[in-house]
Each structure stands twice: as structure tokens, then as C-alpha cells.
Amino acid sequence: MSIIVINPNSNEAVTEGLRGALAPFPNVECVTLTSGPFGIESQRDSDAVVLPLLDLINSRPDADAFVIACYSDPGIDAAKSVSPVPVFGIQEAGTTTAMCRADMFGVIAIGQPSILRHRKYMRRMGVLSRLAGERALNMSVDETARGANTFKRLMEVGQDLISDGADCLILGCAGMAKHRKPLEDALGVPVIDPTQAAVAMALGAVLASSF
């Protein structure tokens with residue numbers, strides 16, 4: 001079994017964070033899309049990675065499933081159309097997992113511009129009625145992966161979302177992965193790392209197909 005987790009930005013610090021967060025899962029390989037932008041922080045960034053992402057998928061015929069580790073799920077439809085194996089997006093997987101854990105969920109975004117992109121996708125999924133709110137850290141992808149003040153901001157934004165009515169929180173960027181457990185312990189509500197959620201779904205799909 002081989003689950004390929006693709007970081008579609010070129011920031012190796014994000015990929016290293018993913019490797020740490022996914023270490024408990026078997027048969028997972030995290031790779032970086034080296035031609036991607038340093039951080040996917042706009043619609044243009046999201047659109048720019050689609051063709052290189054498809055090329056990477058086509059170059060890995062050994063994969064049993066792919067996970068696109070960017071919260072806006074860039075290129076998810078195109079990837080599913082060309083891949084002979086299942087492809088999972090972390091926004092879709094994280095949202096689905098959150099709705100299994102609580103009635104209302106909140107999303108912690110990296111920046112304000114990301115929120116509109118996320119809401120359009122959630123509207124397409126038909127889940128906006130379960131969204132308590134989405135609030136931004138107003139940090140870059142790189143800052144969330146390396147920054148000394150990231151956890152403090154996560155606490156502040158998480159508390160605001162709980163006040164908005166969220167019973168569960170989703171980390172709306174793959175770069176936040178290492179903060180999931182400390183944040184859950186501090187806030188007392190389930191916190192979903194969407195990449196972990198997507199990998200769990202991918203492993204389940206691959207195992208189920210073997211029965």
C-alpha cells in the first residue's frame with residue numbers, strides 16, 4: 001500500500017510538518033510540488049498548481065491513493081478525472097470529519113482572502129448550514145509552519161469561533177498540523193487536522209477495496 005500526500009506549495013517546512021503529523025499512519029509518503037508557489041494564499045496560487053499537480057500524479061503509478069494537502073483542494077476535480085486511484089482533498093475530508101464529530105464546526109483560515117475561496121467550496125458541498133463561522137489568523141503559510149506566535153493566534157481565533165457557536169474546529173491550512181493536539185487540549189473541543197482526516201479516509205478506501 002502506498003498513500004502519496006502532495007504538498008502543492010514549494011515550502012519544505014510545510015512538508016516536514018506533514019511528515020510529523022502523519023508519522024503514526026502506515027505507508028504514507030509526503031512529497032513537495034517543487035514548482036508550486038511558496039504558499040497557496042490566493043485563487044491565482046490555487047489555480048497555478050493544477051497542471052503541475054496532474055503531472056506529479058501521472059508520474060506515480062505506484063500510488064494506491066493520493067491526498068492533496070492544501071485546504072482549498074486545488075485541482076481536485078481534474079486530479080480525480082486523470083487518476084486511476086482515489087484522490088482525496090483535505091478540505092472535503094476535514095469538513096466531513098468535523099460534521100461526524102459535532103453539529104456545528106468552525107474553520108481557522110490563514111488569511112482573510114482564503115475565506116471566500118473556502119466558502120464557495122462549502123456551498124458546492126452543501127454544508128454551509130453546519131458552519132458556525134470561519135475566521136482568519138492573518139498570517140502567511142510559512143508563518144503558520146514556523147512562526148513563534150502561531151499557537152497564540154490559534155488560541156485567540158479558536159476561542160472566537162467557539163463563541164460563534166462552533167463545537168469543533170478545523171485547521172484550514174496544512175501548515176498548522178503540529179498544533180492540532182495542543183490546541184484541542186487547550187480549548188476542550190475536537191480539533192481536526194484535515195490532512196490526517198484525508199489520510200485516514202484514503203487508508204480506509206484502499207483497505208476496503210482489497211476485501
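Reader: In what order do the four strands of the open sheet with β1 stand, and how do they pair?
Author: The order is β2-β1-β3-β4, and the pairing is parallel. β2 and β4 (87-89) are the edge strands, each pairing on one side only. From one strand to the next, the twist averages 25°.

Reader: Which helix packs on this sheet?
Author: Helix α3 (residues 50-58) does, touching β1, β2 and β3. Its direction makes about 155° with that of β1. Touching is contact: heavy atoms within 4.5 Å.

Reader: What kind of model is this, and how are its residues numbered?
Author: It is a predicted model, where local features need pLDDT of at least 70, side-chain atom pairs need 80 or more, and totals for chains, interfaces and linings use all residues. Numbering starts from 1 along each chain as its sequence is written, and side-chain values use heavy atoms, without hydrogens and water.

Reader: What makes β3 and β4 a pair?
Author: Strands pair if DSSP finds at least two bridges between them. Strand β3 (residues 65-68) and β4 have three, in the parallel sense, so they count as paired. Valine 67 has phenylalanine 88 in β4 as its bridge partner.

Reader: How many bridges join β1 to β2?
Author: Five bridges join strand β1 (residues 3-7) to strand β2 (residues 28-32), and the two run parallel. Cysteine 30 in β2 stands opposite valine 5. Both elements are DSSP runs, numbered from the N terminus (strands: E, at least two residues; helices: H or I, at least four).

Reader: Why is the unit of β1, α1 and β2 given its handedness?
Author: A crossover is right-handed if, with the strands pointing away from the viewer, the path from first strand over helix to second runs clockwise. β1, helix α1 (residues 12-21) and β2 make a right-handed β-α-β unit, so their path is clockwise in that view. β5, α6 and β6 make a right-handed unit too.

Reader: What makes β6 and β8 edge strands?
Author: Their open sheet has four strands in the order β6-β5-β7-β8, with parallel pairing. β6 (131-136) and β8 (191-192) each have a single partner strand, so one side of each lacks a neighbour in the sheet.

Reader: Which residues stand opposite valine 107?
Author: In β7 its bridge partner is isoleucine 170. In β6, glutamate 134 stands opposite valine 107. Helix α6 (residues 112-125) lies across β5 and β6, at about 155° to β6.

Reader: How does α5 lie to α10?
Author: Helix α5 (residues 90-101) and helix α10 (residues 194-209) pack at about 90°, with axes 8 Å apart. That angle makes α5 roughly perpendicular to α10. Six residues of their contact are nonpolar, four polar and none charged.

Notes: Axes fitted to C-alpha atoms, helices over the stretch in contact; angles between N-to-C directions. Parallel < 35°, antiparallel > 145°, perpendicular 65-115°, else oblique. Nonpolar A, V, L, I, M, F, W, Y, C, P; charged D, E, K, R; others polar.
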